[in-house]
Amino acid sequence: MAANRRNGMHPSDPGLVGIVSTSRVLPRMSLPTVATVVAAVAALYFGREIFLPIAIALLLTFALAPMVSALKRVGIPRLPAVIASVMGAFTVLALFSFIVATQVGELAQNIPLYQSNIVTKIRSLKETGVSGGIVARLSRVIERVGEELDRQETSQPAADQPRREPVPVEIIARERPLQVLQNLIGPLISPLASAGLIMVVVIFMLLEREDLRDRFIRLVGYGDLHRTTEALQDAGKRVGRYLLMQLVVNILYAIPITVGLWVLGIPNALLWGLLALALRFVPYIGPIIGALLPLFLALAVAPGWSLVLWTAGLFVAMEMITGNVVEPWLYGSRTGLSPLAIIVAAIFWTWLWGPLGLVLSTPLTVCLVVLGRHVPQFEFLDVLFGNEPVLEPHARLYQRLLAGDPEEATDHAEEILEEKYLFEFYDKVAIPALLLGEQDRVRGVMGDEQRRQVAASAQTLVANLDDSAQEEAEEEDPAAAEETGSRKDKEALGEGEGDIELPDGTDMAVLCAGGRGELDDAAAAMLAQVLEVQGATISKVSFADMDPASIRRLELDAVDTVVVGFLNRDSVKHARFLVRRLKRVKRALRVGIVFWSATDGDNKETAAKLANDINADFVAHGMVDAVLGALSSDPPVALKAAARRRIRRRPPAAKKAPLAAAK
């Protein structure tokens, strides 16, 4: 095993700290009252005629702001830049609507031509099915229900009632030309008025963007300009980037769909491509709706089923390529929303504002998450809808160990091991998780049974990571690690400052033991696995084997170093006695003590002083120092003679003299 393979970063390196700092430590949140939430939702629901155009205008402002800035950078004044951007955007929307309306009208005229194909397919389904199939049963049920309804409506009148003759009624429509014109234009007035209102609001928002920003800062964040400015910039960049990238993704999705449908011979391929582009703004269900309409048309156009299958294959293939290649390449998960949050937001905004709310659900929820990320009063929004982990890695791991779920803990560990080395994971995640368990034990909130369960889950985690440890041990040089692509942190291969070289443990035998409990045994198993990666011969014993009655039965003849770990920092006296007993059993034995710590605050001078106090060969506080001490070739420290208290004995006469004087 090559020594340069074991180059790693010192725990004080910023790269290592990133393992734990990937999630933020959340302060105590003050959740809003139920009355506040209900009032806000009621205001949005009953005031949707006002808030919906403003929301659309706000999102269009976010989307068009980069274009206005780009035009200003090339020398165009603000007003022409704003008008050009807004008019260009609304011209594209108007052209889009015109093409869709034209295609829909053409499709409506051709629908009767497809009726025969639909009837033929229904007949084929009935013929291929067995007698009494589902189609036939449904048809008979519908016929019986219709007959029953007709029977009740056409019941015979009573004999004593005279039969009345029907009176002919003639309806004459006398609509004036002005009324006909009003009936035609009336339905168009409301959408056109809303579009005009949105256009005007967008223009003024773009013109007064700086002034609106200053007013918002003065209203909600004047006391913390830094945080408010950061929130506004984050919201603008994230929403604008999402809308732009989503538009690019939808265009890249719609063009192959349009071309593919045209090649397959589906009528109005341009219409279905444009609808696919628009409906993909709707999360999850939009692509499904965009695919159902062309599938139905493929069913009606051709008498066979091959066209339907080809059309379905086209949509499935494009959705797979777009979802797995194009979207991660362009923006990935930069919206900052979890998948569940996107679904919940879609349901909520659809209930609140209808179909337009469904289209606006993702960008509006992004704005709420940004607000919660930077404003403490709304931090619950970021916790509920954000995609960043709200628990630090070691707290998340400890929670899984508490729940007795080592499998999920292993999945969590393997995710980290894709980026980091095994000793880094143990040093910054697993050991701090066990320290949380030790703190709970000291506080009295963890019973014996639960402590044993946590320790057993941790031992299972270590056993599950044997394959990862073996793969890491087989990496012979940095080139092999680079080829696997599993190590993205090149500083861990010895290229950064503050590097250390973990020693080669070949031909060295180390015994790892727990100090005072099952949790200490789990920490010792983690250290033993790291030492095995370094090539050392490892043996493990339990804390029970370190009792005075059992310590002499340990097989220490072939052992070079014994390392005993304590999660409880108040175990100095116990460690001193253990060192003394082990060195009495074998004087040429190196004995090291590890007082596990979640921080790197303990310096080497303090550790050396503590080692001298307890007569240990070394004292470590982290995984790296423990490995360095265990694999060191320094000679063992000699056992100090126990300090004995000398008792001075006075002569008998000297003792009796004062008594005689007293008498």
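1. Let's start with Gly290: at 5% relative accessibility it counts as buried, where buried means under 20% relative accessible area, exposed over 50% and partly exposed in between (1.4 Å probe, protein chains only). Gly290 lies in helix α11, residues 285–301. Helices (H or I, at least four residues) and strands (E, at least two) are DSSP runs, numbered from the N terminus. Leaving aside neighbours within four places in sequence, Gly290 is in contact with Leu279 and Phe315; contact means heavy atoms within 4.5 Å. Gly290 and Leu277 are 13 residues apart in sequence and 8.5 Å apart in space, C-alpha to C-alpha.

2. Before you go on, a word on what you're looking at. This is a predicted model, in which local features need pLDDT of at least 70 and side-chain atom pairs count only at pLDDT 80 or more, while totals for chains, interfaces and linings use all residues. Residues are numbered from 1 along each chain as its sequence is written, and side-chain values use heavy atoms, with hydrogens and water left out.

3. How confident is the predictor? The pLDDT, its confidence in each residue from 0 to 100, averages 75 for the protein, and 69% of the residues score at least 70. Confidence is highest in strand β5 (residues 561–566), at 91, and lowest in helix α1 (residues 14–20), at a mean of 39. Take care with residues 1–29, where pLDDT stays under 50 and the model has 82 contacts beyond four places in sequence. Residues 476–498 also stay under 50, with 37 such contacts.

4. Now the overall picture. The protein has 26 helices and 7 strands, and buried residues make up 39% of its 663 residues. Among contacts between residues at least 6 apart in sequence, 78% join residues at least 24 apart.

5. On to the cores. A nonpolar core is a set of buried Ala, Val, Leu, Ile, Met, Phe, Trp, Tyr and Cys residues joined through side-chain atoms within 4.5 Å. The largest has 56 residues, of which Phe425, Tyr426, Leu434, Leu531 and Trp596 touch the most other members. Its largest share, 11 residues, comes from helix α22 (residues 518–533). Beyond its neighbours within four places in sequence, Leu434 is in contact with residues including Leu401, Ala458, Leu519 and Leu567. Apart from this core lies another, of 36 residues, among them Leu243, Leu337, Leu360 and Phe385.

6. Have a look at helix α2 (residues 34–46) and helix α13 (residues 339–353), which pack at an angle of about 55° with their axes 8 Å apart. Axes are lines fitted to C-alpha atoms, for helices over the stretch in contact, and angles run from 0 to 180 degrees between N-to-C directions. That makes α2 oblique to α13: angles under 35 degrees count as roughly parallel, over 145 as roughly antiparallel, 65 to 115 as roughly perpendicular and the rest as oblique. Val41, Leu44 and Tyr45 in α2 meet Phe348, Trp349, Trp351, Leu352 and Trp353 in α13.

7. Asn268 has a positive phi of about 55° although it is not a glycine, and sits in the loop between α9 (225–264) and α10 (269–279). Asp507, also not a glycine, has a positive phi near 70° and sits in the loop between β2 (499–501) and β3 (509–514). Which is buried and which is exposed? Asn268 is buried, with a relative accessible area of 9%, whereas Asp507 is exposed, at 72%.

Definitions and conventions. pLDDT is the predictor's confidence in each residue, from 0 to 100.
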